[in-house]
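Please look at the sequence and the structure below before reading on. The paragraphs that follow go through the two chains in turn.

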Amino acid sequence: MQRTISFTLNGKPVRVLTDDQRMLLWVLRCDLGLTGTKFGCGAALCGACTVIVEREAVRSCATPVGTVAGKRVVTIEGLARDGRLHPLQEAFLERHAFQCGFCTPGMIMNAYALLLRSPRPTREEILRAMEDNLCRCGSHPRIVQAIEEAAAKGGAR
Amino acid sequence: MKSDPHGLDRREFLAGSGLFILIPLEELLPAQEPARLPARPGYPSDPNAYLRIGPDGRVTCLVGKVELGQGSTTALAQLLADELDVALEAVDMIMGDTDQCPWDMGTFGSLSIRQFGPVLRAAGAQARAALLAMAAERLAAPLERLEVNGGVIADRADADRRVSYAELVQGKRIERRLENVPLKPPSALRVVGRSPRRKDALDKVTGRARYAGDILLPGMLHARILRPPAHGAVLKQLDVSAAEKTPGARLVRDGDLVAVLHERRDLAEQALQAIQARFERPPAEVDEDTIFDHLLKFAPPARVVHEAGDLAQGEKLSAAILEARYLNGYVAHAALETHSATARIEGGKVTVWAGTQTPFPLKQQIAQALNVPAENVRVITTYVGGGFGGKSASRQAIEAARLARLTGRPVQVVWDRAEEFFYDTFRPAAVVRVRAGLDGGGRIVLWDFQVCGAGDREARQFYDIPHQRTTSAGGWSGGNPAGMHPFAVGPWRAPSVNTNTFARESHIDALAARAGADPVEFRLRHLSDARMRRVLEAAAARFGWKPARAPSGRGVGVSCALYLGTYVAMAAEVSLERTTGRVQVRRVVCAQDQGLVVNPDGSRQQMEGSIMMGLGYALSEEVRFRGGEVLERNFDTYRIPRFSWMPRIETVLIDNPEAPASGCGEPPIVNLGAVLANAVFDAVGARLLRLPMTPERILAALNAVGR
């Protein structure tokens, strides 16, 4: 159904007049011009499109935009605040926890949701939480280390 | 001076001959590139082609290589900064832009540092020497009294007498040319050998990194293209009436190309789904299980790759003969970024932003497809979301350019995951037949290695065996008879070599077991190459290898390989669940000698990445198909390695700066098949002859040996 959908995006109010069944990923990318959230599979299988809705990680390629009406959405573009990187971004940067970087926004957002619900996760918790985020370059060991380091520095924020 | 037909100007290459040896590229390069290219222009010898010094002192480095994630943006900048004596932070990289960068054949084969590194260093050294000569005149000081630091040349006798590169050049080209400028010896390198922060790091952790599908242009349309259900299928009926009713959708048909375009990609997809199309497909004659006999039947005649001694003599000397047939299926590249491109045509100028490994060949292909002069086409390579060989082919960019012309609007093409599998240039399925003989003393005296389908790269044996022959029939690089493969094949990270190493190192292991020898000791017994011995000994030492005859029940294995000048040895430990056949890799130790190491941390990243990615082709990845129909459409059935698969990974970089820098992005991955097959054998005494080693195949192998 065509309607105006209002939500908070990276701390700012936005209004989009569109079909509420369209997926959030494409509204972010095509309508709102935020390209940090990536398309990898279109079926919630890879995690490249992960964003935060009300403190939880969701796959934006399978989230109808109508369902985020009135909610707070955070994308990779909204994670740094006042020009300062989030501890997770710092840790990914310092650890070089990426190669091609295409899965990185989804990895960071998924890890962010993990730290929001479990500020000091064990290694097993990290592995379980990240299991369905795919990386083809094989940065897995560094990603786990980066999440551990960010958690140690109070990464939930 | 004339450039040689293989793209290297010998003089440039030899400019650094004090350090770098001439590498025989002849056998390597012609096979690498897409077919039907015009003659290669070759690398320019003028340093100005590779670097510009701005009025602010910043250095812009222009190279035709591209950043796929392998970190060459940083490593190449390190090489230039060192030879030019400027701060790494002062170097800005522009890569893979065909209007700005000097020609390059493409980014593959782990060649960016190995083969292009010397070219870039020579350019840096020549520019530095020219600037020094200019400064000597400007400061009226003898050359030997001058020193360079951070792009500023100073007179040692009078520190106030100084001039910067920027002042000397004043935003212009460096007109002075000097020949035969030596490169710095390894001991003088300051930036090379360190691990600075990657230049792409900030972009990639903030979401600012732009890939080809992130280019947004005013008026741009997203295209979705009608695809056949199988390779070889022919369109018989088409009804687009429902699709045309999607508000804002635009339909285009041009010969084989049927597309719907829309300002929103998801709405273009919706319209595509509304198209009614009937295709007629040829009968499916082969699948992932019958492909091996099919390959043997359809392959071109085998070619001898290498021969030594006399096989008949080897047979006579053999007390025991061991024969086996090693198989591996098709494997997909499966980069997280699907093939993407954005095209714009303005005033006759075609500009295409593409995720590609081959921007210069692509420029020619686009010119050909649109029938415009090549100088009217510019390919700009954005960040590329993983390549692994799969983005050497860039069909999507040609589609975007064609659609931009047909619609008169900028057009973006981003394949979905099913298209990515369908048009992938898979690692070919292959069969390797090996017949080897041991004499009474436990030495290999016979080696007959016949590879079919994979290609001959590194097929030749490096163990000391008196009577040996290696043959190869068909391969990843083309020249295969029609019908041999049901779809496209191409380079997949370390092409040929994953297959050849799996077969060789599995068979060596089987021979060691037959001889009652420890797998490491048995290999060393047949190795005289000092660099290979060193990596094997280093891997075994770090692993804490305790000699034993396999199967020892511990689940440990080793494998050695050579890849285009890089030596790599690996030891691994697995645990195996006998009830399910599931393998968990506990630990992988990798020792590598890649000569001069430009960026140690970047090299380790490549080694770790190779190990993680290699778990896939070893344990789970295999493209299933029925004739030309590719059954893999997404990551639910095509399982790539995940966090829970992660072994403890340890990397050992051999310090060998006097040897030329060879590649590091591909070598380690070649060992994964054999090192895990050998570890599985060590664990349970069953040898897996086919990759991937899925739980079903492991259970079947366990049953076959009654364990």
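In chain A, of the contacts between residues at least 6 apart in sequence, 60% join residues at least 24 apart; two residues are in contact if their C-beta atoms, placed from the backbone, lie within 7 Å. This is a predicted model, in which local features need pLDDT of at least 70 and side-chain atom pairs count only at pLDDT 80 or more, while totals for chains, interfaces and linings use all residues. Residues are numbered from 1 along each chain as its sequence is written, and chains are lettered from A and ligands numbered from 1 in the order in which they are written.

Chain A contains five helices and five strands. Here helices (H or I, at least four residues) and strands (E, at least two) are DSSP runs, numbered from the N terminus. Along the sequence their order is β-β-α-β-β-β-α-α-α-α. The C-alpha trace of chain A spans about 45 × 30 × 25 Å along its principal axes. For 157 residues, a compact globule would have a radius of gyration near 15 Å, and chain A agrees with its 15 Å. This radius is taken over C-alpha atoms, and the globule rule is 2.2 Å times the number of residues to the power 0.38. Of the 157 residues in chain A, 55% are buried. A residue is buried if 20 or more other C-beta atoms lie within 10 Å of its own, exposed if 12 or fewer, and partly exposed in between, with C-beta atoms placed from the backbone.

Most residues other than glycine have a negative phi, and most peptide bonds are trans. A:Glu54 has a positive phi near 50 degrees and is not a glycine. A:Arg55, also a residue other than glycine, has a positive phi of about 70 degrees. A:Glu54 is in the loop between strand 3 (50–53) and strand 4 (56–59) of chain A, and A:Arg55 is in the loop between strand 3 and strand 4 of chain A. Is A:Glu54 buried or exposed? A:Glu54 is exposed, because it has 12 other C-beta atoms within 10 Å. A:Arg55 counts as exposed because it has 12 C-beta neighbours inside 10 Å.

Next comes the place where the chains meet. In chain A, 43 residues are in contact with 46 residues of chain B. On the side of chain A that touches chain B, two or more residues come from each of helix 1 (24–31), helix 2 (87–95), helix 3 (104–117), helix 4 (123–130) and helix 5 (140–152) of chain A. The residues on that side are 25 nonpolar, 13 polar and five charged. Ala, Val, Leu, Ile, Met, Phe, Trp, Tyr, Cys and Pro count as nonpolar, Asp, Glu, Lys and Arg as charged, and the others, Gly among them, as polar.

Four of the five residues of strand 2 of chain B are buried. Strand 2 of chain B runs antiparallel to strand 1 (residues 51–53) of chain B, with three bridges between them; two strands pair if DSSP finds at least two bridges between them. B:Arg52 has B:Thr60 as its bridge partner. The hairpin of these two strands has five residues between the strands, and B:Gly57 there takes a positive phi near 85 degrees. Strand 2 of chain B is also joined to strand 3 (residues 91–95) of chain B by five bridges, and these two run parallel. Opposite B:Val59 stands B:Val91, and opposite B:Cys61 stands B:Met93.

In a regular strand the side chains alternate between the two faces of the sheet.

Helix 4 (residues 116–139) of chain B is largely enclosed by the rest of the structure, because 17 of its 24 residues are buried. Just after helix 4 of chain B, B:Ala140 has a positive phi of about 50 degrees.

Further along chain B there are two cis peptide bonds to look at. One runs from B:Ala550 to B:Pro551, with omega near 0 degrees, and B:Pro551 lies in the loop between helix 16 and strand 21 of chain B. Another joins B:Leu691 and B:Pro692, with omega about 0 degrees.
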